[in-house]
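Morning, everyone. Here is the structure on screen.

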Amino acid sequence: MDLYEYQARQLLAEHGISQPRAVYASTAEEAGQAADIIGYPCMIKGQATIGHRGQAGAVKRAENHEQAVALAEAILPMNIDGHPVSGILVTEARNILHEYYLSISVDRTSRDYDVLATASGGTEVETIAREHPESVRRLHIGPLEDFDRQAARTMAERIGFYHADLEQAAQILLGMWHTFQDSDATLVEINPLAKVGDPDDEATKHLDALDAKISLDGNAAFRHDGWKRFTDPAQVDPLEAKAKAAGLHYVHLDGQVGVIGNGAGLVMSSLDAVAGSGHRQGLPIGPANFLDIGGGASPEVMRTSLDVVLSDPKVRSVMVNVYGGITSCQQVAQGILAAVDAEGEQDQNDDRPIVVRFDGNEAAEGLDLLTKAQQPRLKVARTMEEAADQAVALAAQAGKETGR
Amino acid sequence: MTLFIEDGAPVMVQGMTGHQGMVHTAHMMAAGTNILAGVNARKAGMTVDFDGPDGQTRHVPVYADCAAARQATRARTSVVFVPPRFAKDAMVEAIEAGITLIVVITEGIPVADTAYCVALARERGCRIVGPNCPGLMTMSDRPNGVGVDLGIIPQGIAGRGPLGLVSKSGTLTYQLMGELSSIGFTACLGIGGDPIVGTTMLEALQAFNRDPETKACVMIGEIGGSAEQEAAHWASTHMTKPIVAYIAGFTAPEGKQMGHAGAIISGGKGTAADKKEVLESVGIKVGTTPGETARLTRDLLREHAII
């Protein structure tokens, strides 16, 4: 779960990390008022859960009220690589003397925590690592170890902080580590951590976190009251919300074939099969969603799943791919029939085809149920490749008929 | 030699008396796994009946903790079905009781808890498999032997043969086992779909490489992290046996978690295309569908005169 900058700031502030003053605004008018409070010049920063917001033009400097409002108006409707801007953070503009990069993340390879830092911050760390590999400092923290003040100070020295900055940098590193641990984060990144102030007045110089990115471990939500304080109802896809409420893993994509299966790997594989089939048949057809019904799904779960998938108006056909391990294909078949019956009562014109492939536990019984129902919407395929081909061809055909 | 666990080795189940634990203990027992103990502090002293592979009833006692279960049964293997919020305590308890193989089926464990347990296990010479995995199944090399089923991999999909299978996904494991059932396996190991796992793809390949009965490997990966690339780099210089791979998630969008906690492309890293490219660069063939992967495996086995 990726946090917005304004949310990440809250967590860092709770751990005593110094940041410029900021006010959150959800409209351009509010942004103007916020800018008046902060004072000029100020920064107008679009809030989206993705990096490189600056390069995308969602972070600008305003010199006066009119500029602040105009910039907010331009930034609010933006969408950066599929991540919509949800609001504006108006912050003090700082006089930047130097930029550093600091991050702590879960290292999947060494199975511990990775502290990464460089004295040439400001841009994406991948760029820094490529262009200035010699400037990158790394430290691994073992899951059985702790990262204490002394370790933080040693790291700060290695990064290249000196004099008065050294103590503050160590303090910030320690604050980041505590943020990481206390919040069950998988990433805490400050970029840039900037040395700011009047170049001619030592007393004004200090380190400020000018931007932050934090990702939280979704599996740890139970320890944090479900992270209710970070949920953002405006940003949730309605279909994803409906599926989540039913305990299903659903990801909305933009194709025409709804995909339902059991197990994350098999469902991903089914999406690839649909995309591959569209490509091979020269048809502009792709997967409309990812939906994993999980292990041991009941008829009710299958019924809800079809309901969610079919409520996407872009869906023209559905592929159901189940390899029964714990899951009984017979129960899945019952769910499919219940969903088709219920939907038929609601909308008799809905004839979007459902292609089913079963294998494993009670596959024969499940297929038998479907065949006996004599539902023209239901098609049966022998293999997952065949199911993908059929679902793609049917979606293409439906598209031609309706002119969609 | 034996892969991961000896035939007939005694096994305990943590969380046996819960719903999932009961269902899967019954199925592991029916498959012939020698389950001698359940662990649950609140139900210590009770006994649960299951049917063995011969249809005879087995009485499985429940112990207060892993140490007591180990002392009474000499089991040094545990299968864990406890819910996520208790999983860390369960794993630590097993490690401290001297359990040497812990198979964790539980999905949804915080990564910090897994990281802690995996580090502790490695320090104590204990192997964790998983979490968030279907477990592992070995096929016996003895006539009428039953092998060991630790976890939720269904019985009867495939039997003994020359292949070793390692996978991040449960249902794709069953799918490939089904596609290659006429060839068979020495063992099938689900490493799990979490960002940090106790046994990596590389470690699974190392085990298969050491096992003289395994002649070739099937590796099933998915988006997220770089476990497949690391395994491939190691294999390119150390593996003496051919490998065929399958990667799921070519159509997965950036920044979206695809079911598994670890199945996420972040900052452009962990894509299926990147994994395929690295695997192919070291000569590992990658199928575009499970069906094609099975065909490539058969071709490779013929090429190496294994079948």
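First, a term: a residue is buried if 20 or more other C-beta atoms lie within 10 Å of its own, exposed if 12 or fewer, and partly exposed in between, with C-beta atoms placed from the backbone. Note that this is a predicted model: local features need pLDDT of at least 70, side-chain atom pairs count only at pLDDT 80 or more, and totals for chains, interfaces and linings use all residues. Residues are numbered from 1 along each chain as its sequence is written, while chains are lettered from A and ligands numbered from 1 in the order in which they are written. Helices (H or I, at least four residues) and strands (E, at least two) are DSSP runs, numbered from the N terminus.

Chain B, helix H1. In H1(B), the buried residues are B:Gly21, B:His24, B:Thr25, B:Met28 and B:Met29. They sit on the same side of H1(B), because they cover an arc of only 140° around the axis; the arc is taken from the directions from the helix axis to the C-beta atoms. What follows H1(B)? B:Gly32, with a positive phi near 100°.

Now chain A. Four strands make an open sheet, ordered S1-S6-S2-S3, with antiparallel pairing. Strands S1 (22–25) and S3 (59–62) of chain A are the edges, each pairing on one side only. Two strands pair if DSSP finds at least two bridges between them. S1(A) and S6(A), residues 87–92, are joined by four bridges and run antiparallel. One pair to look at: A:Ala22 has A:Thr91 in S6(A) as its bridge partner.
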